[in-house]
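Hi there,

Here is the structure I promised to pass on to you. Have a look at it first, and then read on for what turned up.

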Amino acid sequence: MKAVLCSSFTGPADLRLGEIDEPRPAADEILIDVHAASVSFMDQLMVSGLYQMRPPTPFVPGTEASGIVVAVGDEVTTFAPGDRVACSSWIGGYAERMTAKESKSVRLPDGVAFAAAATVLHNYGTAYYALVERARARRGETMFVTGAAGGVGLAAVDLGRHLGLHVVAGIGSDDKAALVRGYGASDIVNYRSEDLRDRIKSITSGDGIDIGFDNVGGAVFEQLARLMKWGGRLMPIGFTSGEIPQLPMNLPLLKNYSIIGVFAGAWAERFSAEAARMNDTLMRLLADGQIRPHIDRILPLEEAGDAMRAVANRTVQGRIVLKIR
């Protein structure tokens, strides 16, 4: 079968389309005929050797996909051949077929398209875990989202709107403003051209931010640490700037706010039953039109490397999807 292969941790430029043997599902896995797979910043980090884990090479990248079940392992009880599903996995999505854990897969409601389904579990799963499970977000609170036009950032904007938050979207270029406003941002700050401190103080009448949802890291995170409200929650989600920030610990002490780590993938591994319930919730929200994943473009499988470069260069709004069938 056809698959994109990463043979060394040298980045998207060295990905190659090749032929590999079809995988066989383990006892707790399903085999999926892949129809669509999404391209995330995590995928780009993985093939560049910059993620927290390094799979043995060669491997097939792709952390999220959707398709039709063609076989199930001996211990699988939730799915059967013919079921339409979406799944998350550390690797394997950029191929004609992949295996996925039963616990990390979810059945698609009628009417949900494969392309949209392939963009939900990582983006909206991270946002849901962060806002609902970790931050315990409350209606009416103010949330500032950095990297708000990216995959996870836009999901946080969309889900924050659904939860009744006052969403302030942080973007790095003005051409992204219309998109984030259309997804529910009440206010927009371009932190590359505007004074972040002055804008946040103006938006919050000097009170500061209840929830900081930071995808960028670096200097932006360090500024947010000085703009939190008493009792707020500041969440490092990722570090797309490439810089892991350093934080003077007197800042959370003085305002009694919390710094809350968010690693949704690790949580899903440890608490698979809770993660499966979350995935079902997200798919119901998608089917009901309560969340609206944004697809920047759809590309063929052989352009996976180009898609990753676009993600790395921050020219993508929402997600790129690879169409496989």
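Let's begin with a question: does helix 3 pass helix 4 in a left-handed or a right-handed crossing? The crossing is right-handed. Before going further, please keep in mind that this is a predicted model.

**The two helices**

Two packed helices are described by the angle between their axes and the distance between the axes. Here, helix 3 covers residues 123–134, and helix 4 covers residues 151–162. Their axes come within 8 Å and cross at roughly 55 degrees.

Which residues make the contact? On the side of helix 3, they include Tyr 124, Ala 127, Tyr 128 and Leu 131. Helix 4 brings, among others, Val 152, Ala 155, Ala 156, Asp 158 and Leu 159. Sorted by class, the contact has 8 nonpolar, 4 polar and 1 charged residues.

Are the two partners buried or exposed? Asp 158 is buried, with a relative accessible area of 0%, while Arg 161 counts as partly exposed at 32%.

Another pair to find is Arg 309 and Asp 306, whose side chains meet at 2.3 Å, N to O. These two are 3 residues apart in helix 11 (residues 304–312), so about one helical turn separates them. Arg 309 is partly exposed at 32% relative accessibility, and Asp 306 is partly exposed as well, at 42%. Salt bridges can also share partners: Glu 22, Asp 33, Arg 97 and Arg 325 are joined into one network in this way.

Finally, Asp 296 pairs with Arg 297 in a salt bridge, where the closest N and O atoms are 2.6 Å apart. Asp 296 has a relative accessible area of 26%, so Asp 296 counts as partly exposed. Arg 297 is also partly exposed, at 31%.

Enjoy exploring, and write back whenever you like!

Best wishes

Note on methods
Residues numbered from 1 in each chain as written. Predicted model: local features only at pLDDT ≥ 70, side-chain atom pairs only at ≥ 80, totals over all residues. Heavy atoms only, no water. Helix = DSSP H or I, 4+ residues; strand = E, 2+ residues; numbered from the N terminus. Buried < 20%, exposed > 50% of the residue type's maximum accessible area, 1.4 Å probe, protein only. Salt bridge = Lys/Arg side-chain N within 4 Å of Asp/Glu carboxyl O. Axes fitted to C-alpha atoms, helices over the stretch in contact; angles between N-to-C directions. Left-handed = near helix turned anticlockwise from the far one by under 90°. Contact = heavy atoms within 4.5 Å. Nonpolar A, V, L, I, M, F, W, Y, C, P; charged D, E, K, R; others polar.
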